[in-house]
Amino acid sequence: MTIRSTAPGKLILLGEHAVVYGHPCIITAVSQAIHAEVAVNNTSEDLVIAPQVAKTDFIDELVKYMKKKYNIQQGIRIETHADFSDKTGLGSSSAATVVACKGINALFNLGLSQKEMFDICFETVVMVQGSGSGADIAAAVFEGTVYYQNKGEIIEPLDYSSLQLVIGNTLHKASTREYIQKVAKLREEKPQFVDSIFKEIAELVHQGRKHLKEKNYQEFGNIVNENQLLLHKLEVSSDKLDNMIDAAREVGALGAKLSGAGGGDNMFAVVTSDTKKSVEEAIEKAGGK
Ligand code: MEV
């Protein structure tokens, strides 16, 4: 028997970096996903074929962890295919971990809840990566938009399906770990300054959630812009990101900000049906994709 499982990539809408310190964020799954075929291997060894992720260590660790936890004796074969690569900053490591977990859960009839799968994947990612809020795992497990806080203490699925976004990729892969460390260093040097920014970001997350609920995308766009200003103060934006963000705003985006750790990867713009095309063009003109 072969199980086919899927886990989507993610986009943080509001609250990155602050979420690493226990504050809330809003994160959404995107339609690009990692897919896996999971089966019992014909030898007792495990076999992981995942060319889209830089290293298979997340999946390797997850397989080891789940086999031990659920006393699985057989070898497991996992082969992944992806709609996006680890160069795009959409959370390929977390999505790869989650897709494997979903597949093993189904293959061995473990009956795990979404929260149980989240906990297993979060533990695995922390073990391999040593840092991270777990928000991208929540998006990959719950597969929608979620309000997320404090290592998964709060994971609240939200329905914001009418929000229209354009994602712009800088074509520059940044290291999440490096940018998490950069913020940690700044916090060591200026604890009050950084903690007050985190508090402001948390407040924006609360306001943004309310505007999204009311489908007030104009106000949501303003919140997105304010969040970008604070990320700038944390020194995690880049010239390329700034250029793409400015370009999107100039042609009528309701708001635009970087998404994720910063330094490269992605930005997004809040658009309407009327502005979507011109925002896409402006982002490409600014060198993004
Ligand atoms: C990275 O996509 C987002 C950060 O907040 C790190 C994390 O949440 O693990 C910078």
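A polar contact here is a pair of N or O atoms within 3.5 Å; within protein, one must be able to donate a hydrogen and the other to accept it, and residues adjacent in sequence count only if both atoms are side-chain atoms. By that rule, an oxygen atom of the ligand sits 2.9 Å from a polar backbone atom of His17. This is a predicted model, in which local features need pLDDT of at least 70, side-chain atom pairs count only at pLDDT 80 or more, and totals for chains, interfaces and linings use all residues. Residues are numbered from 1 along each chain as its sequence is written, and side-chain values use heavy atoms, with hydrogens and water left out.

**Ligand contacts**
- A ligand oxygen is 2.5 Å from a polar side-chain atom of Ser133.
- For Lys10, an N or O atom in the side chain lies 3.3 Å from an oxygen atom of the ligand.
- The protein buries 95% of the 300 Å² that the ligand exposes when taken alone (Shrake-Rupley method, 1.4 Å probe).

**The shell around the ligand**
- Residues surrounding the ligand (a heavy atom within 4 Å) include Ile12, Glu16, Val19, Gly132, Thr176 and Ala261.
- Strand E1 (2–14) and helix H5 (176–189) are the elements that give two or more residues to this shell; both are DSSP runs numbered from the N terminus (helices H or I, at least four residues; strands E, at least two).

**The whole chain**
- Nine helices and nine strands make up the count for the chain.
- The C-alpha trace spans about 60 × 40 × 35 Å along its principal axes.
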